[in-house]
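Please read the following note with the sequence and the model side by side.

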Amino acid sequence: VQLQASGGGLVQAGDSLGLSCAASGRTFSRFAMGWFRQAPGKEREFVTSINWNGDSTYYADSVKGRFTISRDNAKNTVYLQMNSLKPEDTAVYYCAAGVVHTTNIRGYGYWGQGTLVTVSS
């Protein structure tokens, strides 16, 4: 599966922003999907994930209550709605696909190219 993330940009603290990740191929619904992020000088970290049919989600503590992941298997797309953004949310955001629903980065074998989110204070 090939992934294409979009929707990043420059926003102010407290604003909202939505990211999308479009997948190619007919097997999208078989995959768990995750969002990860990498800030400058830091390792890539887990943000959130969703299982194949959307009835199970995981969130990092840092984004719980502010971010929401969802998916539309008919559109081969996973979404990340980010509310109440903070400067520490600034990072390149990556979507990823994996065969197992997990928070472990090693569980995701397919990655999009990343989209930059910058939150100014």
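1. Residue Y93 touches L19, W35, F36, R37, V47, F67, L80, M82, G114, T115 and V117, leaving aside residues up to four places away in sequence. Contact here means heavy atoms within 4.5 Å.

2. Basis of the note. The model is predicted, so local features need pLDDT of at least 70 and side-chain atom pairs count only at pLDDT 80 or more, while totals for chains, interfaces and linings use all residues. Residues are numbered from 1 along each chain as its sequence is written, and side-chain values use heavy atoms, with hydrogens and water left out.

3. The largest nonpolar core. This core has 31 residues, and those that touch the most other members are L19, M33, W35, F67, V78, M82 and Y93. At least two core residues come from each of strand 1 (3-6), strand 3 (17-23), strand 4 (32-38), strand 5 (45-50), strand 7 (67-72), strand 8 (77-82), strand 9 and strand 11 (115-120). The most is given by strand 9, with five residues. A nonpolar core is a set of buried Ala, Val, Leu, Ile, Met, Phe, Trp, Tyr and Cys residues joined through side-chain atoms within 4.5 Å. Strands (E, at least two residues) are DSSP runs, numbered from the N terminus. As general background, nonpolar side chains tend to be buried together in soluble globular proteins.

4. The disulfide. How many disulfides does the structure hold? It holds one, a disulfide being a pair of cysteine sulfur atoms within 2.5 Å. The bond joins C21 to C95, with an S to S distance of 2.1 Å. Because C21 lies in strand 3 and C95 in strand 9, the pair ties together parts that are 74 residues apart in sequence. The torsion about the S-S bond of C21 and C95 is about 60 degrees, so the disulfide is right-handed. Both C21 and C95 are buried; buried means under 20% relative accessible area, exposed over 50%, and partly exposed in between (1.4 Å probe, protein chains only).

5. The salt bridges. The structure holds four salt bridges, each defined as a side-chain nitrogen of Lys or Arg within 4 Å of a carboxyl oxygen of Asp or Glu. R37, E45, R66 and D89 are linked in a network of such bridges. Between E45 and R37, the closest N and O atoms are 2.7 Å apart. E45 counts as partly exposed because its relative accessibility is 36%, whereas R37, at 5%, counts as buried.

6. R66 is in the loop between strand 6 (57-59) and strand 7, 23 residues from D89. D89 is buried, with a relative accessible area of 1%, and R66 is buried, with 10%.

7. A buried threonine in a loop. T102 is found in the loop between strand 9 (91-98) and strand 10 (110-111). Why does T102 count as buried? The reason is its relative accessibility of 18%. Leaving aside residues up to four places away in sequence, T102 touches F46, S49, Y58, G107 and Y108.

Key. Helices (H or I, at least four residues) and strands (E, at least two) are DSSP runs, numbered from the N terminus.
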